[in-house]
Amino acid sequence: MTSPVWHPYAHLKTQAPAPKVVGGEGPRFTLESGESLLDATCSWWCMIHGYRHPRLVEAIQHQADELCHVMLGGLTHEPADRLARELVRITPEGLDHVFFSDSGSVGMEVAMKMAVQYHRLRERPGKTRMLSLMKAYHGDTAGCMAVCDPEEGMHSLFSGFLPQHHFAPAPRAPFDADEADVRPDLDALRAVLEAHQHEIAALLMEPLLQAAGGLNMTSPHYLRGARALCEEFDVLLVFDEVATGFGRTGRMFAADHADVTPDIMVLSKGLTGGYLGHAATLATDRVHSAFIGDSSEHAFMHGPTFMGNPLACRVALESLAVFEEDDYLGRIRALNAVLREELLEDAALRAHPDVADVRVLGATAVIEVHDAAALQGVAAFARQQGVWLRPFGRWLYTMPAYITPEDDMRRITGAMKGWFRRD
Ligand SMILES: *Cc1c(COP(=O)(O)O)cnc(C)c1O
């Protein structure tokens, strides 16, 4: 019998049977057949410690023995309280308030609701739309779909169902661009703000790395410029660090590259090391204090059932402790050096007629091709070499677990490059 499991993003008629995973250890997971695959994606970018990390497993076991769940409505508990303090400590200065939820999409929904209500509480009720960027991806719920790239963002069929927001072009200046190179990108942002500032509540962005929209990278100058524009036009700046948070770009947060504090920041994927679903939406005092008042409108009417789940908070605390004690930023630098050497500095790869661009940032690398057809078959090719790759569209990428040893990192880049040299 075929399985009743309905797989995500799958074309039901053409999907290949999904191999069954029975376990994992470090950067590899194991299939029922005994086949072991080196995970180049760390399971949609969240399993930053790899599989079956003993400290994370133990943290969940201990917490399960104490308290698996209790509602955060009117109650609190040690893991939620401690995790909130830790997130305030490690995130950019000024993000002092933490609202928990259960996934990246919901964390972004919370951010957008917060932004709209913030302006309403300050007597600017007309600010009810978002400004997002082309190539953006912020999640799959309705509110989030409406701020994903409306053309290439895989949700265009829902356009009649979704609220309308504003979009600015995706930034084009690369990571190492100087201030002058970023000017045209910021001018484009300014143009939309000038035209629509009276209805824009917040500017949303995946700072430095637009991930699911095609691993588009930009400069810290762009973040600083965006920060200044938001001040000028009374618009909140929301950083969606669901993918970039916890080291992916080479610093703890992408915001750290630019020394910028957004008004609201959203974390998920790496938050629990991938071991349980959870998210956090952080806000500055300026945002939070607008919610302190006497009217019933001052309450923030949101409360996911599983917000602050003790198991998730406890494993997030352990994840963070391991991250710091085992010098993950150092490990990320080492992975980055391999990615640069093997991909960025490979002239033959870059000159290959199918290859449009090669980009590397932190523990992220992508080979972009001109035509998606050029990647047909690459996943099967990599699997023969023991590597799990899952390219999408025109992008063949890796976001490895940070514990990936150097030889395994080279095995991943070898499979990626090997595809372009196979005949
Ligand atoms: C994955 C992702 C989301 C959505 O998170 P889910 O947990 O899948 O809902 C939102 N924003 C960004 C940048 C992401 O990469």
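Where does Lys269 lie? I found Lys269 in the loop between β11 (264–267) and β12 (279–284). Helices here are DSSP runs of H or I with at least four residues, strands are E runs of at least two, and both are numbered from the N terminus.

A note on the model: it is predicted, so I keep in mind that local features need pLDDT of at least 70 and side-chain atom pairs count only at pLDDT 80 or more, while totals for chains, interfaces and linings use all residues. Residues are numbered from 1 along each chain as its sequence is written, and side-chain values use heavy atoms, with hydrogens and water left out.

Next I checked accessibility. Lys269 has 24% relative accessibility, so it counts as partly exposed (buried is under 20% relative accessible area, exposed over 50%, partly exposed in between, with a 1.4 Å probe and protein chains only). Its contacts (heavy atoms within 4.5 Å) include Trp44, Trp45 and Cys46, leaving aside residues up to four places away in sequence.

Then I looked up the record. An unreviewed UniProt entry lists Trp44, Tyr137, Lys269, Gly303 and Arg390 under "binding site". They span 347 residues in sequence and the farthest two C-alpha atoms are 33.9 Å apart, so they do not all gather at one spot. UniProt positions follow the numbering used here, feature names are shortened, and annotations may be inferred rather than shown by experiment. I placed Gly303 in the loop between α9 (285–290) and α10 (310–325).
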